[in-house]
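This report walks through selected packing and backbone features of one protein model. The structure comes next.

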Amino acid sequence: MAVPGSSRVYYGSTVAYNTSRSAPLLCGDRQLHETLMRLTGSEEDVLGSSVDADENLSDEATQYIRKKIASTRETAIAYCKHTNTDFVIVEGGATGPTFNPKDLTTGFAVLAVAGRQTDHSEPELLAQTIVYSDTADREANMRLYADSAAELCLEVLSRKPSDASTRHVSVDNTVTAEKYQDCFDRSSHLRSDESVMNEMQNDANAKHVVLRGTDQVLFASKDQLLLPTYADLNEDRALLNDIQGAMLKRIFVGRLGSSQTPIFALALPEDTEVQSHEAHFANTRSHGAFLNPIHNELAMTATALVNWQKSNKYCPVTGTPLEYIHGGTCARSTNTEDRPVLHWPRQDPSIIVLVENQASTHALLARSPRHPSYLYTCIAGFVEAGETFESAVLRETNEEVGVTVDDDSIQYIYSQPWPFPRSCMIGMHARAREIGLPSINIDPNELVDAQWFDKEVIYQATVETDRLGAVMDPKVVEDQKAKGLWGGKLLVPAKGVLARTLIDKWLK
């Protein structure tokens, strides 16, 4: 993964370079492994694909690309079959800066999408494309291939079932950028470039995710943040006294859209007010789920960075004060005697698990002291040092509700950043080991209540939750009660929150 400090070479995926040593990674499919080992790069290898290497390439380069065409095709189909998924996308190519064959001087990637036309049909090749780059820059090519893969997936998913066919497309960076105008680029590779950071900080078009304290963000509407420029902020007289000092402590978040507009986190005091009738501060925890995906990521990232800086003032190694560098995304000890110690923002992994009974008719939901009396959600807890996610699921469900889950039933579903203050939620699904509805014995230090809820009851709770809105905010629900619009007893987290994602997946 492209995490600062973890790798200075690669910006992307895990790679099996040598097919002869990667048999265990190929779903245990001996036939697939043998097929890949037999590839020679001949015309026969590309039968079944409507793409082929560029005719202007050397024989050696042509054979190399043809191997990638065949291997991505066969691997995509095999993985779709073995993982029992609706579709699989496979990439194979070269990113640079060095190439083999030697006469390849710029990158390329073959992308193959395999999938099923119906729920019961066998996997087949749905699309395949070759992406040629005009650079040998590894990071630029990885970004290009990822954007091209997303484009190919969207194109396949938008087809009618009868449209399944392969195509050959060459994509460049400019075209890709224009098609993803709202993309968010964290630009981690630019953070350590002081001149670039200074240039972006002085950019009059730079925009800001504005925080009040550490848990409220400035909204423009229910699903969008207000992202003001410095000039926009100066127009609000209520903000004038607060923004001058805050601007000096801005934190670089990334760049937005095809214009690559710099985005910064701007932390204002907790008593800050705005004069605009449209803009308003809202609690990120209860209202962030309603933001569109890009703005949700901006809000969560800005919140995480601001919380990190506020809670990390001194170096835990040297005890000296920290100074913030790399656009505020890295902290450095100020000791002068020894080599400075660097620190980066951290996330603490926490599991959150939906536990069902063996018959899949009921799910175990709980209420913690911090939640309103009507709000029940999934079991959650921190992953301890040296513990796997699966072990954390076993421990937390046993400790918090006294229920034992079946080890073999535990499955990873999704993840979600939860910077309150610095968690990353790992969404899991599990099934109780006992038959029936196992007895519940809650830990009163962690929970107020926990119950087995019938699937239909939970479904109705999701319907009511969607109708009411931000139910994690007690004021919203109390207002609906006062108007006589809701008088129930059970609500669940809103859409966009990982607990709700787990619940919805179970209901389906």
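Lys 455 lies over the face of Trp 506, at 4.5 Å from the ring centre. This is a predicted model. Lys 455 belongs to the contact between helices α11 and α13, and so does Trp 506. Helix α11 spans residues 455-468. The axes of α11 and α13 are 11 Å apart, and the packing angle is about 130°. That angle makes α11 oblique to α13. The crossing of α11 past α13 is left-handed.

From α11, the contact also takes in Ile 458, Tyr 459, Thr 462, Thr 465 and Asp 466. From α13, Arg 500, Ile 503, Asp 504 and Leu 507 take part as well.

Thr 465 deserves a separate look. It sits in helix α11. Is Thr 465 buried or exposed? Thr 465 is buried, with a relative accessible area of 0%. Beyond its neighbours within four places in sequence, Thr 465 is in contact with Val 471, Leu 491, Val 492, Pro 493, Ala 494 and Arg 500. Among these, Arg 500 is also part of the contact between α11 and α13.

**Aromatic pairs**

How many aromatic pairs does a search of the whole structure find? It finds 6. Two of them are described here.

In the pair of Trp 308 and Tyr 324, the ring centres are 5.6 Å apart and the planes meet at 75°, so the pair is edge-to-face. This pair links distant parts of the chain. Trp 308 is in helix α9 (residues 293-311), and Tyr 324 is in strand β11 (residues 322-325). The two residues are 16 residues apart. Trp 308 counts as buried, at 8% relative accessibility. Tyr 324 is partly exposed, with a relative accessible area of 27%.

In the pair of Tyr 374 and Trp 486, the centres are 5.8 Å apart and the planes are at 75°, so this pair is edge-to-face.

**Strand β15**

Leu 364 lies in strand β15. It is buried, with a relative accessible area of 0%. Leu 364 and Gln 451 are 87 residues apart in sequence, yet their C-alpha atoms are 5.7 Å apart in space. Gln 451 is one of the residues that Leu 364 touches, not counting residues up to four places away in sequence.

**Helices α1 and α2**

Helix α1 covers residues 30-38, and helix α2 covers residues 59-83. Their axes are 10 Å apart, at an angle of about 175°. The two helices are therefore roughly antiparallel to each other. Leu 32, Thr 35 and Leu 36 of α1 make the contact with Ser 71, Glu 74, Thr 75 and Ala 78 of α2.

**Backbone exceptions**

Most residues other than glycine have a negative phi, and most peptide bonds are trans.

| Site | Feature | Value |
|---|---|---|
| Gly 96 to Pro 97 | cis peptide bond | omega near 5° |
| Phe 420 to Pro 421 | cis peptide bond | omega near 10° |
| Gln 260 | positive phi | about 55° |
| His 326 | positive phi | near 55° |

Where are these sites? Pro 97 is in the loop between β1 (87-94) and β2 (108-115). Pro 421 is in the loop between β17 (411-418) and β18 (423-431). Gln 260 lies in the loop between β8 (251-256) and β9 (261-268). His 326 has its place in the loop between β11 and β12 (330-333). Gln 260 counts as partly exposed, at 26% relative accessibility. His 326 counts as partly exposed at 25%.

**Whole protein**

The protein has 13 helices and 19 strands. Of its 508 residues, 46% are buried. Among contacts with a separation of 6 or more, 66% join residues 24 or more positions apart.

Conventions
Residues are numbered from 1 along each chain as its sequence is written. This is a predicted model: local features need pLDDT of at least 70, side-chain atom pairs count only at pLDDT 80 or more; totals for chains, interfaces and linings use all residues. Side-chain values use heavy atoms; hydrogens and water are left out. Rings of Phe, Tyr and Trp (its six-membered ring) pair if their centres lie within 6.5 Å; planes under 30 degrees apart count as stacked, over 60 as edge-to-face and the rest as tilted. Helices (H or I, at least four residues) and strands (E, at least two) are DSSP runs, numbered from the N terminus. Buried means under 20% relative accessible area, exposed over 50%, partly exposed in between (1.4 Å probe, protein chains only). A charge sits over a ring if NZ of Lys or CZ of Arg is within 6 Å of the ring centre and within 35 degrees of the ring normal. Axes are lines fitted to C-alpha atoms, for helices over the stretch in contact, and angles run from 0 to 180 degrees between N-to-C directions. Angles under 35 degrees count as roughly parallel, over 145 as roughly antiparallel, 65 to 115 as roughly perpendicular and the rest as oblique. A crossing is left-handed if the near helix is turned anticlockwise from the far one by less than a right angle, and right-handed if clockwise. Contact means heavy atoms within 4.5 Å.
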